[in-house]
Every structure is written in C-alpha cells, then in structure tokens.
Amino acid sequence: MADAALPTDEHWMRHALALAERAEHEDDEIPVGAVLVSADGEVLGEGWNRNIGEHDPTAHAEIVAMRAAGRRIGNHRLLGSTLYVTLEPCAMCAMAMVHARVARVVFGALDPKTGAAGSVFDLLADPRHNHRVEVQGGLLGDEAGSMLSNYFRRKRGRPLL
C-alpha cells in the first residue's frame, strides 16, 4: 500500500474524537476517546472514558484502549503502536504507555492541570525510564478542547462556546 493511501494522524484523531462523542452521548462520561493503532495501520483497541459507569478510577480512555489491545493481541507489550487520544494523558496513563512500550502518542487538547506529556509533567520523555514514547501534542486540540469545555458548561448550565 502506498504511503498516500495510509490513514493519517488526523484520520485517527477524528476517530478518537468520534469515540469521545460516544462517551458523552451514550454514557454521559467526560468526552475523552482513544484508539490504539498498530504500525501496520490496524486498530488494536479503542475506548472512551468509563470511570463513572464502571466505578473505576483507572478506566480512562487510554487504559480502556490498551486493555482491549492487549487482550486482542495476547500480549501486554504493545510494541510499535501509536495511541491517539483527545486529551493529553495523565500520569497514570502515561506510565501505562511506558510499561506497554507504546511507540508513540498523539493527543489533542493540552491538560494544564494534570497533563503528563509535557504540560505539567513530562513522563513520556523522562530519560530515567527504559522506554520513551514519542509525543505529538495539539492535533485537533481546539476541537477536542471545545468538546471538553462544552461538556462541563452543559453540566453547569452555562452557555456553550
């Protein structure tokens, strides 16, 4: 397959945004979506925030996607994969990516309160780890950020952006 025919980072981020919409509309969860893609462009796992519905503080979109991928391939190592997520990963999710050996993460909106991919912490590039995850941030960040802001504005009865 020629490179021009391969889905782009934007394609996969739009897929993650669609998963984030499902989080909000189907489950009334905070709209964060994630899709894990193999080096060959195959979806290995996907998910959205499930913290509230599953009563599980670890059920962030990234964790849900990585768990699904691990079950699918029968391995806890997700070598060569790229994780697309609509919000900058937190420390828990960042360290799960390091332990899973995810090759790359592409995220949308920055998280200035708990972001661990450069905003508050930079866990993915820390040289003390035996694995570092390549990071690309801000892809469709305005769209992802607006989705999150509007979710909270609706919850608080405030006008949407």
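Residues are numbered from 1 along each chain as its sequence is written, and side-chain values use heavy atoms, without hydrogens and water. In this predicted model, local features need pLDDT of at least 70 and side-chain atom pairs pLDDT 80 or more, while totals for chains, interfaces and linings use all residues.

**Exercise 1. Describe the largest pocket and its lining.**

Step 1. A pocket is an open set of points on a 1 Å grid over the protein atoms alone, where a 1.4 Å probe fits, with protein on both sides within 12 Å along at least five of seven lines; lining residues have an atom within 4 Å of a point.

Step 2. Take the volume, the space filled by probe spheres set on the points. The largest pocket holds about 500 Å³.

Step 3. List the lining. It has 23 residues, with I30, L87, D111, L148 and F152 nearest the pocket centre. Two or more residues come from each of α2 (51-54) and α5 (141-155). Helices here are DSSP runs of H or I, at least four residues, and strands are runs of E, at least two, numbered from the N terminus. The top contributor is α5, with four residues.

Step 4. Sort the lining of the largest pocket: 12 nonpolar, six polar and five charged. Asp, Glu, Lys and Arg count as charged; Ala, Val, Leu, Ile, Met, Phe, Trp, Tyr, Cys and Pro as nonpolar; the others, Gly among them, as polar.

**Exercise 2. Check the length of α1 and locate its buried residues.**

Step 1. The expected span is 1.5 Å times one less than the number of residues.

Step 2. Pick the buried residues (under 20% relative accessible area, 1.4 Å probe, protein chains only; exposed is over 50%, partly exposed in between). In α1 they are W12, M13, A16, L17, L19, A20, A23 and E24.

Step 3. Their arc, taken from the helix axis to the C-beta atoms, is only 155°, so they lie on the same side of α1.

Step 4. Find the partners by contact (heavy atoms within 4.5 Å). The buried residues of α1 pack against β1 (33-37), β2 (43-48), β3, β4 (104-109) and α5.

**Exercise 3. Is H55 buried or exposed, and is L140 buried or exposed?**

Step 1. H55 has a positive phi near 50°. It sits in the loop between α2 and α3 (61-73). Its relative accessible area is 72%, so H55 is exposed.

Step 2. L140 has a positive phi near 55°. Its loop joins β5 (134-137) and α5. At 18% relative accessible area, L140 is buried.
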